[in-house]
Amino acid sequence: MAGVAPKNIGRTLIALLAVMVLVVTGLGWVKVRSLNDSVTLLSDLGLGGGDDGAVDILLVGTDSRVDANGNPLSEEELKWLRVGGDITTSTDTIVLVRIPNDGSKATAISIPRDTYVDVPGLGMSKINAAYGTTREGVRKREVEAGTSEEQAEKDGTKAGRQALIESVANLTGITVDHYAEVGLLGFALLTDAVDGVEVCLKNAVREPFSGARFRAGRQTLMGPQALSFVRQRHDLPRGDLDRITRQQVYMASLAQKILSTQTLTNTSKLQELQDAVSRSVVLDDGWDIISFAEKLKDLTGGNVKFTTIPIENDQAWSDDGTQSVLAVDTKAVHQFVAQQLGTGEKAADDNPRSEYKVDVVNAGTVDGLAGNVMRLLNGLGYQEGATSSKPMNEFDSLIFAKSKDSDGAKQLLKDLKAGPIEIREDSSLPDNTLRLVLTNTYNYGLGAISNTTEQGGESTSSSAPKSKPAAPVIKADTDGPVCVN
């Protein structure tokens, strides 16, 4: 990516993190009533559609240089944030959050911006284009038809939001109940309001595009530093997926800090938090935020987790061959989301894969291959078994089962989509357990990304290629931040 474009990457997260933490902590229910009066409200987005025992929230981060009311950020604020005054409507951060009606836990699932999906009215496209491209198309058509610029802008923005909501619903199988959209200023303000947030890096970083300059290990970041931390993707082994992992560990650390301290009982801190939200957040007008916040007052860090949808191929291309995209299997995404959000019990009963547990052994030298394949199989409905790294005197990959005629082994072979793999009998295995052994010849098929990074406790090798599997589940209940790339 040339020029200054990389500086835009990840900034959509800034205010999104603010909303995430303020939503899952209830914003200090003392202040929630005044929040309703300070945020910008949206109407007629086509949200909801049934009571499924939980609230599903779509959090969207826009790389906007205006506040929630459309007022441009000041030159001083732009300089502080280290951004230019470019006008943009990109939605580079998209997170689906589910919170049960009893407020007992929160699960946030990230959707990478380059995920290739069917966008209503556009066809196959990167999901981050659903908002901006739809918005501009509607705006342009209305202006050409004689509608005023102001009205065309409003109609286009509304259509863009609706297209994104529908795209996320189709991809995940979850009906969106509420919508929260944020600009880039809020998170920087929030970070400073809580006196910084602690992160941890595996290695020292010096990357000029994002301005990221950090030492290795644990450290506390303030507002502008936080922007560099969450926007970097150059010089990272998994590129944008590592950036998403940074977003998630930052959210987890921020949530943990607020939930485990007296932040929500500190009047001055609450005022700073509210100021951050009021300047950068828009919500749908059907959201009773007061009632919602009251349900969350007993939420703990251990019940806040973050994960990412499974990616089938991170080196795919758009249908016209002009864009690098992330290919997904919608059925696998549905299964994964249902499992993560606790909505998949009935689906699992109808899924024959749910009868089988799969252990995955990495017998080759590609770091993280077993963990990546396991995650995708889990998303398809298989029970999660053990992952390990153990050399074996085999050239080709193998499937072991109690019987060569095992229906589960045959289904696994079909799901791997990796060509002929021998099914071998191992009488010591239980009827419902399969063992998948992956060697260096497993270079295409489900999860067979040519460059994989360390996952699931597997051993590492400095000579192995690196890659971009989906991020693991991250929770906000640790004694310190998870160390990341």
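The tour below visits a set of strands and then some aromatic rings.

Before you start, note that this is a predicted model, where local features need pLDDT of at least 70, side-chain atom pairs count only at pLDDT 80 or more, and totals for chains, interfaces and linings use all residues. Residues are numbered from 1 along each chain as its sequence is written, and side-chain values use heavy atoms, with hydrogens and water left out.

**Stop one: strand 3.** Select residues 93–100, which make up strand 3. Helices (H or I, at least four residues) and strands (E, at least two) are DSSP runs, numbered from the N terminus. Is this strand buried or exposed? Eight of its eight residues are buried, so strand 3 is largely enclosed by the rest of the structure. Here buried means under 20% relative accessible area, exposed over 50%, and partly exposed in between, with a 1.4 Å probe and protein chains only. In a regular strand, side chains alternate between the two faces of the sheet. Colour Thr93, Val95, Val97 and Ile99 for one side, and Ile94, Leu96, Arg98 and Pro100 for the other: both faces are covered.

**Stop two: the neighbours.** Two strands pair if DSSP finds at least two bridges between them. Look for valine 60 opposite isoleucine 94. Serine 110 in strand 4 is the bridge partner of valine 95. The hairpin of strand 3 and strand 4 has five residues between the strands, and glycine 103 there takes a positive phi near 70°.

**Stop three: the rings.** Now select Phe214, Phe229 and Tyr250, which form one aromatic cluster. Rings of Phe, Tyr and Trp (its six-membered ring) pair if their centres lie within 6.5 Å; planes under 30 degrees apart count as stacked, over 60 as edge-to-face and the rest as tilted. By this rule there are two aromatic pairs. Phenylalanine 214 and phenylalanine 229 have ring centres 6.2 Å apart and planes at 70°, so this pair is edge-to-face. Phenylalanine 214 lies in strand 10 and phenylalanine 229 in helix 7, 15 residues apart. Phenylalanine 229 and tyrosine 250 are tilted, at 5.8 Å centre to centre and 45° between the planes. Tyrosine 250 belongs to helix 8 (residues 240–259).

**Last stop: charges over rings.** Show arginine 246, which lies over the face of phenylalanine 229, 4.9 Å from the ring centre. A charge sits over a ring if NZ of Lys or CZ of Arg is within 6 Å of the ring centre and within 35 degrees of the ring normal. Finish at phenylalanine 400, where the charged end of arginine 435 sits over the ring, 4.6 Å from its centre.
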